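User: I would like to go through the labels used for this structure and see what each one rests on.

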Amino acid sequence: MSRRGPDKDIDESELEVHGRERSAAGVRGVVVSLARSLQQMGPVRTAKTLPLLNQRAGFDCPGCAWPEPREADGGSRKRAEFCENGAKAVAEEATTRTVGPEFFDHHSIDELAERTDYWLGQQGRLTRPMIRREGDTHYRPIDWQRAFEVIADKLREIGPERTSFYTSGRASNEAAFCYQLLARSFGTNNLPDCSNMCHESSGTALSETIGVGKGSVTLSDIEHADLVVVMGQNPGTNHPRMLSSLERTKHNGGRILAINPLPETGLMRFSNPQNVRGVAGSGTPLADEFAQIRIGGDLALFKALGALLLRFEDEAPGTVLDREFIEEHTYGFNEFAARGRDIDWQEVERLTGLEQQQIERIARMLADSRSTVICWAMGLTQHRQAVPTIREIVNVQLLRGMLGKPGAGLCPVRGHSNVQGDRTMGIWERMPESFLAALDEEFGLSVPREPGRDTVETLRAMHDGSCTAFFGLGGNFAAATPDSAATEAALRACELTVQVSTKLNRSHVVPGRTALILPTLGRTERDRQAGGEQFVTVEDSMSVVHGSRGRLEPASPDLLSEVAIVSELARTLLGEDHPVPWREFENDYDRVRESIARVVPGCADYNNRVREPDGFVLPHPPRDSRTFPTATGKANFTDNVPDMIHVPEGRLLLQSLRSHDQYNTTIYGLSDRYRGVENARRVVLVNPVDIAELDLAEGQTVDLVSEWADGSGGIEERRADSFRVVGYATPRGCVAAYYPEANPLVPLDSVAEYSNTPVSKAVVVRLEPGRTVV
């Protein structure tokens, strides 16, 4: 791959395709990490940052939410407790490149809108507050106080019901708590967040079935499990440190079952660069069994697995099901068992793309396992039947009593560093009455009770004019959401858009009539307030809350922290006499944490506990005591019926995914080396047999056109132009493309049952040939 500076954009004609790599990480991963770090940060900043990444005295990775080892669980942290993509995330944030007022003088908003997301992100750190006033073609600088006044004046004019406060997973617990408090003090529960688009289906399913919308395992559980099921995810790219845990699972005698439409390198073999075998040997084989499932076939698979476990128990009573657990801790088993033994193998094979023999072999793995952990990510959560699928996974775990015991449980792998913590801190449009009442008592408020809007509802409200102000705390809303053309039009139609950001992104170039960019500190940077140097806290994927302390000098003296931005806006909007002590919150984050301790369940003595070397673990009744705070008081078996996704002749089923060189909407580079795709992003991975049957050719340019039944008998279409066909080992009839490039294909109204999550993993498309064959 050629080296690219901030002035070089993507040239899709430079596409190179080679074979899929056979092992993840290894020495090459180290080389790439260092090269990207040196390119962005230089040698001095690289030496200052990487040794502190994910260390007790350092800062939490701004990438994924995979946990660090804890001494209480027998773990220890390595000197390099980070992965390649974590190093890239830090390099992006701690880059020496900057974007100041002179940049916006030279680039109009319309010009920037023509650039790719990759180019925008490569320009560097934002350094000054900027404003686009109605009718302006360029952003102009504005001082902080005037910026807060403009925002406050607009918000008062627009009103709380027509305002939405969006949050991404990069916000700290302290910032998230203050942010939801600002929104509710203003008078609204309109708090959409990135969870609505990723793991909302997990939270919905788990809350119904076990009473807690979070995973029930620890890192130690995974490493000591007899069987770990990894499904709907690509650990080698999305959360590479998981591979170290899976390697320890194998070394401890455990087995790994991988279920995924693509044979991802990180699921197959891991060359750990921190041990001799990973550097000098062939690495560690991971998956003992790989089930290459058809997109959307997971529910049918787990229905069949549950039926087989019931049959195995019938054949050898008392040897398969955990009868004691079922009788004492579950509800609805008899009804589940009465309807759950029948299997239509022809239908199951059609839905899953798997053969009966392999499914029976997988069922035996589950039946023979003494302790099983099932892990999943967005490959499961972004389907129309995502919630029923996860409920069926819970059914299978309940049959075997795989909750609340060592080495067993449920593990939704969260995709962003503090997305779970944001929800814990109150970032949700439907927080329970107990939380809202605690806010009232703590601050002498009367916060609203009417449920607010989630992400999809916010977009719909923007379209119909009932939401005309959008405030984004982090993230890249325009690139993260579905139906890109509709989303961009919705943002442009707003009276006010505000983006709190570290770097330039797509959301800045589709502004509302009045638009502000508020630059903020990153995780890597020192946070100095009137009360001294501050630290923040985050929650990882396994409910561990711990501290994060930036060590670099800020990219600009004009940056404010997220807590400071929220607190100063609150004082301007709500008045200095507002009962919340906003100035104290800004000056000393211990004051924020004191309120968190009194408001947020499980956070008593917060300030002391987060100062422990490994932080503390939030309570989780199903994990801790096999108690289930559900409507029945027990873990619930559920009935879930799989639907076949209708794919007409000549159409294919598309899933969107990340390349190896990106994290969420942030694109670090143009190398998806594990899949063998270099220097381009507008590619579609297609089974070679499908390529031939559709009379296409590898390298050919095609347009992707999605087709969606709109519910009234009509067909809606969306289009994304100029993708190159790449032959790949996908299941027949299934294709894949990167997001955000594929986001235009997902209709806004194509959402998951119960969770309202956009369906990005099962999009019916046709490939319309272009004219170029390379």
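This is a predicted model: local features need pLDDT of at least 70, side-chain atom pairs count only at pLDDT 80 or more; totals for chains, interfaces and linings use all residues.

Analyst: Residues are numbered from 1 along each chain as its sequence is written, and side-chain values use heavy atoms, with hydrogens and water left out.

User: Why is D9 called buried?

Analyst: Buried means under 20% relative accessible area, with exposed over 50% and partly exposed in between (1.4 Å probe, protein chains only). D9 has 16% relative accessibility, so D9 counts as buried.

User: What makes D9 and T116 a polar contact?

Analyst: A polar contact is a pair of N or O atoms within 3.5 Å; within protein, one must be able to donate a hydrogen and the other to accept it, and residues adjacent in sequence count only if both atoms are side-chain atoms. The side chains of D9 and T116 are joined at 2.5 Å.

User: Which residues of α22 are buried?

Analyst: They are F435, L436, A438, L439, D440 and F443. Helices (H or I, at least four residues) and strands (E, at least two) are DSSP runs, numbered from the N terminus. Among the elements covering these buried residues are α7 (173–186) and α21, where contact means heavy atoms within 4.5 Å. Just after α22, G444 takes a positive phi of about 70°.
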